[in-house]
Amino acid sequence: MDTLLHHLSWPRFIMSRCFGRFNYLLFFFAFIIIAIDSNATPKVESVAITVSGKVTDETGLPIPGVNILEKGTTNGTSSDSDGNYTLNLTNENAVLTFSFIGYATKEVPVGSQTTINVSLAPDTKTLEEIVVTALGIEKSSKSLGYATSKVTSDQIAVNRSTNMMNTLQGKIAGVNISSLGTGPAGTSKIRIRGQSSINGQNGPLIVVNGVPIDNTNFGTNQGNTAGDGNNSVGNRGAGASTDGGDGLQGINPDDIESMSVLKGSTAAALYGSRAQNGVIMITTKSRGTNKGVGVTYNMNYTDETILDYTDYQKVYGQGEYGAGPASPNAAPNPNTGQWSWGPKILPGMTQILFDGQGSNANIPYVAQNGILKQFYRNGQNLTNTVSLSTNGDKGGMNLSVGNLDSKGVTPNNSYTRNTINLGFGYDLNEKLSFKGNINYSNEYNKNPPVVSDQDNSIPTSLYAMANTMPLDVLKANAYNAGGGEFNYSRFTNRTNPYWVLNEVKQNIRRDRIFGNISAKYDIAKWLYAQVRVGQDYWSRDQDYINLPTGKASINSSSIYSANAAGFYNGVFTQESRRFRETNVDFLLSATKTFGDFGLNVTAGGNQMYRRFDTNSVQVTDFVVKGLYTVQNGRLKDPTYDLNERAVNSLYGSAEVNYKKFLYLNITGRNDWFSTLSPGHRDVFYPSISTSYVFTESFSSKPGWLDFGKFRAAYAQAGSDGDVGAYNNKLYYGVNAAQFGGQAVGNYSNLVVPNSQLHPMKLYETEVGLELKMLDGRVGIDVAAYNKLTVDQIIPVQISDASGFTNTKLNLGQSQSRGIELMLNLVPVRTSNFQWDFTFTGAYNITKVLKLFTTKPGENITVGTHVFDGFVQQIVGKELGQIVGYGFRRDDGSINPDHKGMMVFSSSTFNDDNRPLPTLQPISFGSALPKWVGGFNNAFNYKGVLVSFLIDFKLGGKVLSGTNFNAMRHGLSKETLVGREGGALDPSGNDPGKIVGVGVDVNSNVNTGSAKVEDYYSVVRSQHIIEPVIYNAGYWKLRQVTIGYDFTKFLGSKSPIKSLRLSFVANNVLMLKKWIPNVDPESFSYTSDNVVGLESPSVPTTRSLGFNLNVKF
Amino acid sequence: MKKIINYLLLSISLVLMISCDKGFDELNTSKTGVISLDPAFVLNNAIINSFSSAVGTSTLTYEMPIVQQMFSSNTGVLFGGNFNQTSFSNTVLNWTNYFQNSINYSSDVISRTKNDAKRTNLYNMARIIKANAFMILTQTYGDVPYSEAATGYTNNNFFPKYDTQQSIYADIIKELTEASGALDPSGTIETSDVLYSGNIVKWKKLGYSLLLRAGMRLTKADPTTAQATVVAAFAGGVMISNADNAIIKYDANFGNGIGTTLTGTEAANFHLAQPFVDFLKNSSDPRLAAIAVRYVGAKSGADQAAQITAGTGDKTAANQYGLPVGSTDGNANGAGGSLPGGGTQFAFTQADRTRVVKKTSPMFIVTAGQTNLLLAEAAFLGWIPGGFVAASNYFAAGVTAHMNQMASYDPGSAIAAADITAYFAIPANQLTVGTELKQIGEQYWVASFLHGPEAWANFRRTGYPALTPNPSSGSEVPGGFINRLSYPPSEILVNSTNVQAAISVQGPDNLATKMWLFK
């Protein structure tokens, strides 16, 4: 009867596929029913033979988790924490295979034995490491024709950061990770093999347990004119540039079992479009390592202190043009709080601040030191995770509950995260097995700091604060009598940090649940089918308050108020977002051996559907002062946005091997994108890769060479990534107001849809070599690649006569080339001491080959700095050029001797001979680093593990907004030139003058002077950014970890099975940098394309703490 | 066997599940966006943008300073026509506004109603609106994209070619002739029409009046076509009564472009130009008192505002003083000081922001005043019957219609019948043998006050009024008048092949090059 039912259901199911929404639950259960129903194989009867024993390593220590299998059957078990195992055999002539990653597999015929103790030897000769590849398929690493990197859970969990990806900086060859200076819940920017997209997305695909999850970032996107809006969501309204984090931060590192990074397109060819920038594959824990129930408790605590790299001048204090804050804010000397162009600081001097009210009339005029440390507090991060796991013959599970409490260094900023992770696997019968995992997280990010902006940004104000402004005075005078900001500077956009701390609020709450469930059915020994359904769902509520720019005030009486008379200032925004992505896939895989040849064929398909809803309401004109609710606002502007997209895919791969040393792998994938127009909707892309383990093909090989493999791969990939939903149709809008009682229609925007858009394509070739030598003491893995990206979809300005302003065209081309190297050395290995050295490094360079045409110099602007300068993509140059005005130089046409000299204006006004800007903006080089890497030294002395990691990024440029301000505000030490010993005016109040070395526009030697304040303010007044362009490179002592495993001191009766304690330090020491006053890593723009534009962000921190891991 | 069937079914369904991209069209259609909108609503947008705020800014910064009706001495954002110089931010305004709005939206309506037998009236209304927009565009820039214009969505033509002004005019005449003829009062009435509330008879008159305008525009370039066109338009029936005027009745939400600027941040910086004030003053024209106001002794915008609040602005015609053409802030301030009552530049006469250039002031696209004056010229030329008598009647009717039009701006601008009678009692104000074209041209200039593109076009065609070239020192057309505006820099950048082809035919892309119509 049930058979009849499900047979009847099939046609309907098929119909439903083509003509309605796919019911994947029905599909999933149909699969299960068939699988169970078809399981006609008789149950395996156990024979009455039981074998037991202990598995140890070469030193005699037990190895838990060793896989013990009765050869030729699926009957098996694994060793427990003491290395012991017991197995009931099904065959009297059984042979047991003992396998464990990192050890040589051993086969033992049982014969008449009932106790078999086995000692496994480390496997250094053949690297049978298992790598999780695309679609979650596990493969032996030696079969892979492309580069992958594996990350162990310890690398993520012991010495950690709140966004777990940030912990991996410098640890993976070819992977560039940047943490941002935006608070504990900030975004982690990940670039694998550089970035290649001219205008779109560059982040990798994040896959958890085989199914993609969302990694949208919410953040500071001001100035972003690029088309990466799909993956990067900014705040509505101005003055709220905060980093709302990304998708990865919701993952508790304690739940991660392993991670592998698929770097090239070949590795990603089966993941399709979204994997064009590489894939990060995360496998979470799904069963215990020991038989029975295991409990693990992990505690991690770190204390963070901010790093103050400012090295400002302390010779001249607050003021302008040589005059300090004297009489109560009278012209020409109003509140100068953001200017340090005052008189020379001499003992006993005083200044009048805040109108001289109260005790403010007589403030000592002395340089302030360490105001950053004064303002910011110590951050604290505490993570507690308890996990419960079981493991058995049929399956196992892992359940963990974790909590992260993080206090940001900004005094009102905190972040908490609660996670529950459940992973399980169970073999229902001999043929049918299930696996699944569910991850729930609940996050609350309170007051992520406002960064980068002029307004309401604490870092912007602090980094440019006049050097004689005492913070306690600033704090005491934050408010004026009416409750508005008591302005301390005529530069009113630089809001008092203490006012911001109290008045600018934001709350972000996110609930997220993602996971998948899969069923695998072994149709035959050589054939299995798998169905998997995964979903990532989150809801995110955010509210924030902005205040009017300049003279921050919540009063209606303020002349700066934007509100209607009688109502109070402010903008309150409340947003609610819901996101859902479902992935349904199936896989059929066959593996057979024909003599010396092995064959594996896999075919599958995936259906991805994504929906994103946003409700937002913004209100202004408050009825009651200081109450920020939607109800309290008079003007309300609600919006609703819905975005849906889908990708359907079919793919397949075939792997042939010859004697398991020569592998050939071919893949193909076809994607259909809902975002494109019919006829241009699908793209097919193949890949081919080969792996040749030459050490196994030689009849005899040199003794020093343990393992050698050569690999080569070619792949294509296609993507619609830069096209949003609904971009192929023109939509109308209706004006909110009627005209003469009639409706007025329009187009919703003037970007004309281009129905001819087709997926962009990427072609990547890579070769690699892996060597293991000298008994595993030397390991080398080197890769080189060449990646060409064509038909990139870029926004193009079109003729207004077309009726529209812009469209998108398949025009862009870029090329990335690079080398990756991983080197492992064991310089010392004795019974008591081992020194492991690991170097990872990568060189990448990406050039723009074509925009509209291949004409060199053609450019598009993808980002604009909040102060001055842009990021452009320029044909013929490296991606990510920093562009702006430089100093104008004499061209030598009048006087060849003057060629290259700076040109100054020859003003008719006195003291105004300032540097002139170039006639056109010029490019200062690429912001992208060329060299990224690190080296790690790990020392193990009798179980004491000490390791330190040094990492580097070199070869990029940065436009520093902090130094831009330091320069124009007179804080840079450079600005002392001209003040000290300058031509002082006899009247006294003179800032000094400077006679620029150079010529005037007529190539006469410049003799005219300029006031120092004006001279150095050309960064702003003339938009000359040249003086604040720096080498963005750095060398850092990134991590130090000292750990000890106390397990051996625990008695065998102890309930504690293992105890490990590690002391950790992160961001320990800056070894070398080229940019003054800031950490070259302190960026705050989350947007993909806005690179190299530094503007004041929360100072980076050094964290110290410990990690405790206890297993019961 | 059962197993095999199962697997087969499973496999087939899996393949179907994936390869089927059905539903993608629906999925990729926004549930919150409007896919189809009644084209009548879209036409309303085209109508409103027949004179948008951008065109208002262009009128203030180029057309009216060129024809010396309004003037700013400001060298900042307002510079352009006042100093005979190119200011790209202002020269592009007509281009972007008409292509992106009036032409784009009327083209949308045309393409969606072309084959709809029920909406032929809407189709023809849209053709008329589009023709009006193109007349303004081509008389601003000369050769412009026409045949391929506004096909960015329909044909994915992002870089349209340019057509010659001659061919554009030929097609405009064809379009206006066909559309006006095809409008059918017994057909579907478009009740949501914001121009005439669906009154097809009035639409017909608008179509023929624009045809008359197009025909007269050709008197210099192609007199034969001009005459034939004028005859056809006259026969079709043009607007001769103010009741037929094409008026965009702006409101608080859709502000009058000129009024918005003149009541906004630039309120204090525009003045009536001396030649315009003097012309009206010298002819005892009652329209001066209807249009003008002077804030005697004002030294700042705040002083002006105070007088507005107090209601003390001087509207007496005799007390009006226009700002000398070519004034800069410096000499205008000095000149203001020597006015009766003193002050600075802010003491010169302005168009009254409380009456004719309010934010909610109506904009007159085509008026009976203008049409009567064109008929006077046609009668004078002998293209329509009646000779001088008819010409002088049309002339008087045109001037009278414009005087009566003043009341539409504001009750405070209404001109009493007695004042009109008194005006015509002066012999010099009647059409006089020997000075017909001069008088008609001067009156057309006054009747087109605030409609900068029309005033400028007729000035270039007829040479009237005979104005003295702007003496500004930085003039890009020394000793002359601006003949056209430059193409937008974006065209030079992105549509370079086509625009360069046009430049090679028409002449250098500057303010001096004369276009075919006015050679």
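Biologist: Buried, partly exposed or exposed: what does B:Asp25 count as?

Modeller: This is a predicted model, so local features need pLDDT of at least 70, side-chain atom pairs count only at pLDDT 80 or more, totals for chains, interfaces and linings use all residues, and side-chain values use heavy atoms, with hydrogens and water left out. Residues are numbered from 1 along each chain as its sequence is written, while chains are lettered from A and ligands numbered from 1 in the order in which they are written. Buried means under 20% relative accessible area, exposed over 50%, and partly exposed in between (1.4 Å probe, protein chains only). The relative accessibility of B:Asp25 is 39%, so B:Asp25 counts as partly exposed.

Biologist: Which residue forms a salt bridge with B:Asp25?

Modeller: Side chains of opposite charge can pair when their charged atoms come close. A salt bridge here is a side-chain nitrogen of Lys or Arg within 4 Å of a carboxyl oxygen of Asp or Glu. The closest N and O atoms are 2.6 Å apart, and the partner of B:Asp25 is A:Arg681.

Biologist: Where do the two ends of that pair lie?

Modeller: The bridge between A:Arg681 and B:Asp25 crosses between chains. Helices (H or I, at least four residues) and strands (E, at least two) are DSSP runs numbered from the N terminus. A:Arg681 is in the loop between strand S31 (662-673) and strand S32 (682-692) of chain A, and B:Asp25 is in helix H2 (residues 24-27) of chain B.

Biologist: Buried or exposed: which is A:Arg681?

Modeller: The limit for buried is under 20% relative accessible area. A:Arg681 has 6%, so A:Arg681 is buried.

Biologist: How many residues apart are A:Glu443 and A:Arg510?

Modeller: Their side chains meet in a salt bridge (3.1 Å, N to O). The pair links distant parts of the chain, from A:Glu443 in strand S25 (residues 432-446) to A:Arg510 in strand S26 (residues 506-524) of chain A, and the separation is 67 residues.

Biologist: Buried or exposed: which are A:Asp951 and A:Arg1038?

Modeller: These two form a salt bridge, with the closest N and O atoms 3.2 Å apart. A:Asp951 is in strand S47 (residues 944-954) and A:Arg1038 is in strand S53 (residues 1034-1045) of chain A, 87 residues apart. Both are buried.

Biologist: How many salt bridges are there over all chains?

Modeller: Some are linked in a network, made of A:Arg193, A:Lys263, A:Glu764, A:Glu766 and A:Glu820. Over all chains, the count of salt bridges comes to 48.

Biologist: Which residues touch the most other members of the largest nonpolar core?

Modeller: A nonpolar core is a set of buried Ala, Val, Leu, Ile, Met, Phe, Trp, Tyr and Cys residues joined through side-chain atoms within 4.5 Å. The largest core has 235 residues, and those touching the most other members are B:Met70, B:Trp203 and B:Leu206.

Biologist: Which helix gives this core its largest share?

Modeller: The share is 13 residues. They come from chain B, residues 120-141, which is helix H7.

Biologist: How many residues are in the second core?

Modeller: This core is separate, and its members include A:Val151, A:Ile206, A:Ile280 and A:Ile282. Its total number of residues is 21.

Biologist: What percentage of chain A is buried?

Modeller: Chain A has 12 helices and 56 strands. Of its 1112 residues, the buried ones make up 59%.
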